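I opened the model to look up a few things. These are my entries.

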Amino acid sequence: MSDEHYFSADPSVAFQRAPVAAEVWGHELALVSGSGVFAQGRLDIGTSVLFRETQAPTGGRILDLGCGYGVIGLACAVAAPSATVTAVDVNQRAVLLANENAESLGVAERYTAMVPEQVDPAATYDEIWSNPPIRIGKAALHELLLTWLPRLAPGGRAVMVVGKNLGADSLQRWLGEQGFPTERIASAKGFRVLETRRA
């Protein structure tokens, strides 16, 4: 299965669920992924690097940007019992799976996945966690980040994992030029983990 459909709003491939088991920040997560959603049946390498190279958030309002079946935001919700997580994806199948996974993990009261149009435009976040959809193209990616990064509360941060060969270093420079100072906090397996601050 390729990932060609994962950033479409309504994937055309037949919907088949597939289990995923992941250990994140010391917690065992039993999740369900699906066809037409990013990283069906697995924890992708970039996300695994993100988890391995970071500490879990401690709480606050968290946004999982481009959530897929929900693993990043759900890991945040499980690891930080005081966190409230909003997860966003254009793929309606991903949103469905993420909310189902929240129910099965017992965090649905603090975790909500939705499409971007459903998010309160006045909402702000203490942290954004993301394996952003680089393959949507540079212009679309820049628009996506400039839509959501300004929603960081003052002093807030975004933690993102981006492939080096997919432009992580140039993205880091570009974010700084947009007024979002960004540093590389880790590098592993061809991926960079970037931390962007809201000045």
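**Basis.** I am working from a predicted model, in which local features need pLDDT of at least 70 and side-chain atom pairs count only at pLDDT 80 or more, while totals for chains, interfaces and linings use all residues. Residues are numbered from 1 along each chain as its sequence is written, and side-chain values use heavy atoms, with hydrogens and water left out.

**Helix pair.** I looked up H4 (residues 138-148) and H5 (residues 168-177). Helices here are DSSP runs of H or I with at least four residues, strands are E runs of at least two, and both are numbered from the N terminus. The axes of H4 and H5 come within 12 Å and cross at roughly 45°. That makes H4 oblique to H5. (Under 35 degrees is roughly parallel, over 145 roughly antiparallel, 65 to 115 roughly perpendicular, and the rest oblique.) Axes are lines fitted to C-alpha atoms, for helices over the stretch in contact, and angles run from 0 to 180 degrees between N-to-C directions.

Which residues of H4 and H5 make the contact? I found Leu-141, His-142, Leu-145 and Leu-146 on H4, and Leu-171, Trp-174 and Leu-175 on H5. Contact means heavy atoms within 4.5 Å. By class, I noted 6 nonpolar, 1 polar and no charged residues. (Ala, Val, Leu, Ile, Met, Phe, Trp, Tyr, Cys and Pro count as nonpolar, Asp, Glu, Lys and Arg as charged, and the others, Gly among them, as polar.)

**Cores.** The largest nonpolar core has 37 residues. Tyr-111 and Trp-129 have the most contacts inside it. Helix H2 (residues 71-79) gives the largest share, 6 residues. Apart from this core lies another, of 23 residues, including Leu-65 and Trp-174. A nonpolar core is a set of buried Ala, Val, Leu, Ile, Met, Phe, Trp, Tyr and Cys residues joined through side-chain atoms within 4.5 Å. Buried means under 20% relative accessible area, exposed over 50%, and partly exposed in between (1.4 Å probe, protein chains only).

**Single residues.** Thr-47 sits in helix H1 (residues 45-52). Is Thr-47 buried or exposed? Its relative accessible area is 2%, so Thr-47 is buried. Leaving out residues up to four places away in sequence, Thr-47 touches Val-71, Ile-72, Asn-131 and Val-161.

I then checked Lys-189, in the loop between strand S8 (182-188) and strand S9 (191-197). Its phi is near 50°, a positive value in a residue other than glycine. Lys-189 is exposed, because its relative accessible area is 63%.
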